[in-house]
Amino acid sequence: MIKPSIDLQDLRQRIYAMAKAEPEKRFWGLFVHVCKMETLRKAYEDAKRNNGAPGIDGVTFEDIEKAGVEAFLERVRDELVSGQYMPLRNRRKEIPKANGKVRVLGIPSIRDRVVQGALKLILEPIFEADFQDGSYGYRPGRSAHDALHRVAVAIVEGKTKVIDMDLKAFFDNVRHHILLAKAAKRIDDDKIMRLLKLLLKAGGKRGVPQGGVISPLLANIYLNELDKSLEELKRMAVYRTYINIQYARYADDLVVLVNGHASNEWVVRAAMRTIENELGKIEVEINKEKSKVVDLAKGENFEFLGFRFRRMLSRNGKWRPDMQPTMKSRKKLTEKISTVCEQNRSRPVIELVAEINPVIRGWVNYSRIGNSARCFSYVRDWVGKKIRRHMMRARQKRGFGWKRWSNDWMYGQLGLYNDYAIRYYRESLPFDRSHNPWQRNCLESPVPEIGPPGSLWRGMETWG
């Protein structure tokens with residue numbers, strides 16, 4: 001009797017359930033699933049949906065579709081099965097940073113993105129079973145907003161001592177031998193390990209390429225022991241039923257919040273010691289200049305994922321978190337819009353609006369939580385004046401044309417983006433909080449999100 005083959009989603013579900021039930025299990029026989037046409041098709045669809053730039057070979061999705069997607073995927077499969085697959089070097093692209101430095105993206109070819117995506121589809125359920133509750137970066141069913149909400153709740157609970165940790169060039173300095181050793185604790189498949197090593201070496205002697213499909217998963221694997229140590233500290237720092245410490249990590253962005261009572265100074269010291277010890281084991285440096293301990297009870301503030309947090313007294317006399325987009329995030333948005341306007345000085349205003357609307361929408365959709373109303377009011381006014389100046393310049397006149405064009409015309413007939421309403425926080429998906437196997441749709445369709453400030457994985461935008 002021949003057993004019917006299971007589809008990719010069922011396979012991922014079973015792998016996750018098995019990994020969750022057996023934390024010490026090492027998985028073998030995975031490579032054959034990476035090479036299946038179903039897995040490669042799904043990886044190609046995911047890569048096309050992100051619509052990234054071509055790699056070093058210059059091949060675009062249009063080129064592939066013109067020649068035939070199935071033929072392309074069959075060639076990739078044959079290279080993998082025969083052991084002849086070799087990834088191309090990543091194309092380097094420099095992204096300017098606010099401090100005048102540059103962030104280097106490593107952009108794989110579409111062929112290599114498909115292979116990375118196929119490998120991720122098979123490995124992700126295994127390691128997701130090991131990841132901790134405080135980790136939010138690029139995980140199915142979790143978003144940056146979930147991490148921000150966790151921090152806000154911790155502030156409401158009185159956790160006012162904040163360890164704001166900055167890691168020095170984390171992605172550029174990941175040690176391959178340490179990462180491969182961590183992966184090997186769960187993977188007992190020589191072909192998978194060889195493929196993973198090849199993909200890592202394509203980006204250089206160290207680091208994981210910012211822009212690679214599998215890089216976010218690898219970053220979480222690399223930092224998972226740090227999360228485990230902080231979870232252990234949480235179990236130790238309990239007074240009756242109250243937990244005195246909380247943390248949230250999104251990729252390499254980490255904040256730890258501790259109850260502000262004087263008796264919990266030892267928890268702050270223990271958290272600092274834990275972080276330093278765990279990062280030392282994986283040879284990750286802490287940026288001493290940017291890392292600090294903040295006391296919200298003294299009116300200090302800190303930034304996390306593009307938001308500035310501080311504590312304020314509400315009208316009912318209770319302390320609450322005040323959470324607003326950072327000045328850096330707002331400045332980056334206005335600079336980007338200014339650049340678009342400058343590059344399109346001679347174009348009709350309707351075409352300019354069509355180009356800047358997605359930019360505004362993306363930033364607003366990410367920032368429309370917390371206490372962003374005042375910031376949104378500024379942005380709405382600034383964008384409106386920018387468009388008015390564009391129209392007046394076309395008529396070789398000065399001013400903003402307040403009498404010529406009403407706001408109703410601007411936001412109605414012209415179609416300038418105008419949805420600046422604040423939304424209440426809502427979890428991305430009812431992801432597994434009780435360590436039961438995920439819901440089917442959670443593994444099938446990770447929640448699309450606008451990446452957080454500094455996000456290099458979704459659309460390669462760099463808000464923040």
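**Reading the model**

Modeller: E24 is exposed, since its relative accessible area is 72% and the cut-off for that class is over 50%. Please keep in mind throughout that this is a predicted model.

Biologist: Where is E24 placed, and how many Å in space separate E24 from K185, C-alpha to C-alpha?

Modeller: E24 belongs to the loop that runs between helix 1 and helix 2 (31-34). Although E24 and K185 lie 161 residues apart in sequence, their C-alpha to C-alpha separation in space is 7.9 Å.

Biologist: What distance separates the end C-alpha atoms of helix 1, and what span should its 14 residues have?

Modeller: Helix 1 covers residues 8-21, and at 1.5 Å a residue its 14 residues should span 20 Å. The model agrees with that expectation, because the end C-alpha atoms of helix 1 are 20 Å apart.

Biologist: Which residues of helix 1 are buried, and within what arc do they fall?

Modeller: The buried residues of helix 1 are L8, Q9, L11, R12, I15, Y16 and A19. On the face turned away from this buried side, helix 1 carries the exposed residues R14 and A21. Seen down the axis of helix 1, the buried residues line one face of the helix, because they fall within an arc of 160°.

Biologist: How are helix 12 and helix 13 oriented to each other, parallel or antiparallel?

Modeller: Helix 12 (residues 327-343) packs with helix 13 (residues 349-367) at an angle of about 170°, and their axes are 10 Å apart. Since angles over 145 degrees fall in that class, the two helices, helix 12 and helix 13, are therefore roughly antiparallel.

Biologist: How do the residues of the contact of helix 12 with helix 13 divide into nonpolar, polar and charged?

Modeller: Helix 12 contributes S329, R330, L333, K336, I337, V340 and C341 to the contact, while helix 13 contributes L352, E355, I356, V359, I360 and W363. By class, the residues of this contact come to nine nonpolar, one polar and three charged.

Biologist: Y138 has a positive phi; is Y138 buried or exposed?

Modeller: Most residues other than glycine have a negative phi, whereas phi of Y138 is near 55°. Y138 is found in the loop between helix 6 (110-128) and helix 7 (144-156). Because its relative accessible area is 11% and the cut-off is under 20%, Y138 counts as buried.

Methods. Residues are numbered from 1 along each chain as its sequence is written. This is a predicted model: local features need pLDDT of at least 70, side-chain atom pairs count only at pLDDT 80 or more; totals for chains, interfaces and linings use all residues. Side-chain values use heavy atoms; hydrogens and water are left out. Helices (H or I, at least four residues) and strands (E, at least two) are DSSP runs, numbered from the N terminus. The expected span of a helix is 1.5 Å times one less than its number of residues. Buried means under 20% relative accessible area, exposed over 50%, partly exposed in between (1.4 Å probe, protein chains only). The arc is that of the directions from the helix axis to the C-beta atoms. Axes are lines fitted to C-alpha atoms, for helices over the stretch in contact, and angles run from 0 to 180 degrees between N-to-C directions. Angles under 35 degrees count as roughly parallel, over 145 as roughly antiparallel, 65 to 115 as roughly perpendicular and the rest as oblique. Contact means heavy atoms within 4.5 Å. Ala, Val, Leu, Ile, Met, Phe, Trp, Tyr, Cys and Pro count as nonpolar, Asp, Glu, Lys and Arg as charged, and the others, Gly among them, as polar.
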